[in-house]
Amino acid sequence: MCPGNENPTNNSPSQSSPRSASAPSASQPRTADGPHGSGSDSSGSPHVVAGQVGEAGDYDEVPVPIVVDNDSAIWHEDDTRDDDNASVFSDTDSAYESLAGSSRTGSITSSIYNYVYENGRRYHAYRSGQYVLPNDEAEQERLDLQHHIWRLLLHGGLYTAPLNIPAEESDAWGRPVGDFRILDLGTGTGIWAIDMAEEFPQASVFGIDLSPIQPDWVPPNCRFHVDDYEDDWTYREDEKFDYIHGRALSGTVSDWARFYRQVRTHLKPGGWCEMQEYDAWIFSDDDSFERAVWTKNWVEKLDEASQMYGKRLNVARFHKQWMIEAGFEDVQEKMFRIPIGPWAKDPHLKELGRYEQLHMQMSVASHTPALFSRVWHYTPQQCQVTIEGVKNEFRNPNLRLITQYRFIIGRSPGPP
Ligand SMILES: C[S@@+](CC[C@H](N)C(=O)[O-])C[C@H]1O[C@@H](n2cnc3c(N)ncnc32)[C@H](O)[C@@H]1O
């Protein structure tokens, strides 16, 4: 473990990168000291939930206890916003509010589908370049697999905040009504938003993303918009939310203080924010992380590249403090550790580990191409060699590697 390591800010990629994807050696000097080493978190002592996954005793066999478009966002059009006010939507509407009448939607909707292709992967077109993970089929499969992992962690749950969603009521036509408003930031495939909308038909669930990769057929109380949450939010006073959720948004925000100010401002007083995040790092309780030379090199380079890109990936451990600093109340964090591979004795962890092993292999393939080619100038071949080297280690039964997931909640006292 290397707590407290500072990231050198004066290292240019060309100075510190071998630009070669030959196998990294265990003794290779670190080009970017990550905030963590193997083992645990350097932020102090993150709360590992007692009695839940992540407990030391759960693990088996010792040593491991375990094209640029800068148009403003389409739903800012007044003519579409009126529909947004409806608490629960008509099931004849399109899932894309933006398609329903804005004078600007013609050009914008076509441009957001002009995806950008690079290194054999497909990337978003709206605000092109802002986000470094692909949005193609392979990435969508990864997100949906990870959704399963997030839910497994919560034994089927979708959130940890103490939400008080009013019981379902119906209007004269038997349609559910309610004004509990939920916003899902960076909704991805929309799978979380859809599940929430199904579970709470009396709530209105809005999902926003840079990529229009959500399905058309969604519950009537679920809406998706192409939007950039790094913009100034323009929701009206009567559009405040009861619950704002973001999952796996690491590496998507350049100014988190501003992000949380906007979240707090657009929550009703007493409304909850919940961030579900993974650490963009790999851990071990034995020397596995040190022995996993491809993996170690990969996370170090990934972390440094994301900082150079201006949106650091490995920030999950900072969210609790950021929420406190933004003035949220009753801020709490739950942390879970998942083995990469089915090597834990505990059946729940074993199942999680099996899924995580598959997910992490997809994850390295998603996280590597853009950052390693744009920042470290890796060729596609070098990217591929790196990806395969790391994937091999994730499959290596002699390595006991671990990932960390967190759920961080805070209540808004009202606008700052
Ligand atoms: C890792 S994915 C997570 C998706 C989803 N929350 C989930 O857990 O399945 C991050 C998502 O954030 C979106 N995103 C990144 N930056 C964004 C921004 N500035 N505004 C809106 N969405 C953004 C990406 O397009 C991507 O779909």
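Modeller: Nonpolar residues number nine in the lining of the second largest cavity, alongside six polar and three charged ones (Ala, Val, Leu, Ile, Met, Phe, Trp, Tyr, Cys and Pro count as nonpolar, Asp, Glu, Lys and Arg as charged, the others, Gly included, as polar). A cavity is a set of 1 Å grid points where a 1.4 Å probe fits among the protein atoms alone but cannot get out, and lining residues have an atom within 4 Å of a point. This is a predicted model, in which local features need pLDDT of at least 70 and side-chain atom pairs pLDDT 80 or more, while totals for chains, interfaces and linings use all residues. Numbering starts from 1 along each chain as its sequence is written, and side-chain values use heavy atoms, without hydrogens or water.

Staying with the second largest cavity, 18 residues line it, and Tyr278, Asp279, Ala280, Met360 and Ser363 lie nearest its centre. Two or more lining residues come from each of α4, α8 (293-309), α10 (347-374) and β11 (402-411). Of these, α10 gives the most, with five residues. The volume of this second cavity is about 140 Å³ (the space filled by probe spheres set on the points).

Now to the largest cavity, which holds about 460 Å³ of space. Its lining counts 35 residues, and those closest to the centre are Tyr131, Gly186, Gly188, Asp209 and Leu249. α4 (137-153), β5 (180-185), α5 (191-199) and β6 (203-209) supply at least two lining residues each, with the largest share, six residues, coming from α4. By class, this lining has 15 nonpolar, eleven polar and nine charged residues.

What takes up the space of the largest cavity? The ligand does. Around the ligand are 16 residues, with Gly186, Asp209, Asp228, Tyr229 and Arg247 the closest (a heavy atom within 4 Å puts a residue in this shell). Five residues of the shell are nonpolar, five polar and six charged.

Asp228 places a polar side-chain atom 2.8 Å from a nitrogen atom of the ligand. From Tyr229, a polar backbone atom is 3.0 Å from a ligand nitrogen atom. Arg247 has a polar side-chain atom 2.7 Å from an oxygen atom of the ligand. Taken alone, the ligand exposes 600 Å², and the protein buries 98% of that (Shrake-Rupley method, 1.4 Å probe).

Conventions:
1 Å grid on protein atoms, 1.4 Å probe; cavity = no way out; pocket = protein on both sides within 12 Å on 5 of 7 lines; lining within 4 Å. Helix = DSSP H or I, 4+ residues; strand = E, 2+ residues; numbered from the N terminus. Polar contact = N/O pair within 3.5 Å; in protein donor to acceptor, adjacent residues only side chain to side chain. Sits in = over half its atoms within 2 Å of the grid points.
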